[in-house]
Amino acid sequence: MRDPSGRLLRLLSLLQTPREWSGTELAARLGVTARTVRRDVDRLRELGYPVHATHGNTGGYRLTAGAAMPPLLLDDDEATAIAIGLRTAAAGAVTGIEDTSLRALAKLEQVLPHRLRRRVAALTEAAVPLPPQDGGPPPADPDVLALLAAACVTREKVRFAYTAAGGRQTRRLAQPHRLVTVARRWYLVAHDEDRADWRTFRADRITEPHHTGVRGPERELPGGADAAAWAMDALAGGSGTIRARLLLHVPIEEAAEHVTAWQGALEPVDGRSCRLHTHSDSLRFLAHRIVLLPMDYTLLDPPELAGHLTAIADRAARAVRPFTP
């Protein structure tokens, strides 16, 4: 590459790939000598890009974290993904970053080529998120999420205070595994060190988290499950503090065609009905899941769930009243 400016941008693009490049590799990619590569690396450093170099047979160049945020080079797909992600973040699933997301999105869209602006606009207009009802779930603290996310990557154990659904607060020592989002709510899937078992924690109920500096072993969820499936199962069953029972007015074979493991467990009653056992940590979440059942049912317990189901039924009745003879 004869054009120094174009070559410098190409070199920067290669270095932004998360790997280490040898001088020989970079020279071959750019069609220049290793000496020219060294000069170009020095120019990048003068511009504020923290390019780290290691010597020896296994040495090379890589871009590291610096004191300031340098400009980034993004390809079309990366720029589109970031723009859509910022629009989603602006919807407020994480507290305190809505305005920040909009400012970052405005800066990005200002320099997006016209073809990418049209693509982002089409995707965001076609995929409209549902607005939260009744205020929606409480948003998570971005600082808490950032600390937990870093711990997931490094396998570092974390201590934090956790407030259960009933208001009881405990101190926990856990090794974070993954963060999962369900219905605009963040959950941490982690190995609870004190209980020697896996747990799912609501991120908005986690406070005062801090690093321990201790790394745990590489862990896998039981049965090789992925974190999303584990969290959904925990919400429907295992770790939910609210337990509900429903009498489904269909044979268990028919119910099994519609009720997934995420929705709960089925128990036969007779040839015409069966019971559904389902759990969650939210009455409102349970009610909205139950009304999606495609069969008649009777609530057995808890009685507190009846009010939420009645509210949904009343809203639906008011909605169709103009069409009711």
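F201 has a relative accessibility of 2% and therefore counts as buried, where buried means under 20% relative accessible area, exposed over 50% and partly exposed in between (1.4 Å probe, protein chains only). The model is predicted, so local features need pLDDT of at least 70 and side-chain atom pairs count only at pLDDT 80 or more, while totals for chains, interfaces and linings use all residues. Residues are numbered from 1 along each chain as its sequence is written, and side-chain values use heavy atoms, with hydrogens and water left out.

Rings of Phe, Tyr and Trp (its six-membered ring) pair if their centres lie within 6.5 Å; planes under 30 degrees apart count as stacked, over 60 as edge-to-face and the rest as tilted. The count comes to two aromatic pairs.

| Pair | Centre to centre | Angle between planes | Class |
|---|---|---|---|
| F160 and F201 | 5.3 Å | 85° | edge-to-face |
| Y162 and F201 | 5.0 Å | 75° | edge-to-face |

F160 lies in strand β3 (residues 156–163) and F201 in strand β6 (residues 197–202), so their pair ties together parts 41 residues apart in sequence. Strands (E, at least two residues) are DSSP runs, numbered from the N terminus. Y162, in strand β3, is 39 residues from F201 in strand β6, and this pair also links distant parts of the chain. F160, Y162 and F201 form one aromatic cluster. F160 is buried, and Y162 counts as buried at 9% relative accessibility.

Zero disulfides are found in the whole structure, a disulfide being a pair of cysteine sulfur atoms within 2.5 Å. C152 is buried, with a relative accessible area of 13%, and C274 counts as buried at 0% relative accessibility.

Notes. Helix = DSSP H or I, 4+ residues; strand = E, 2+ residues; numbered from the N terminus.
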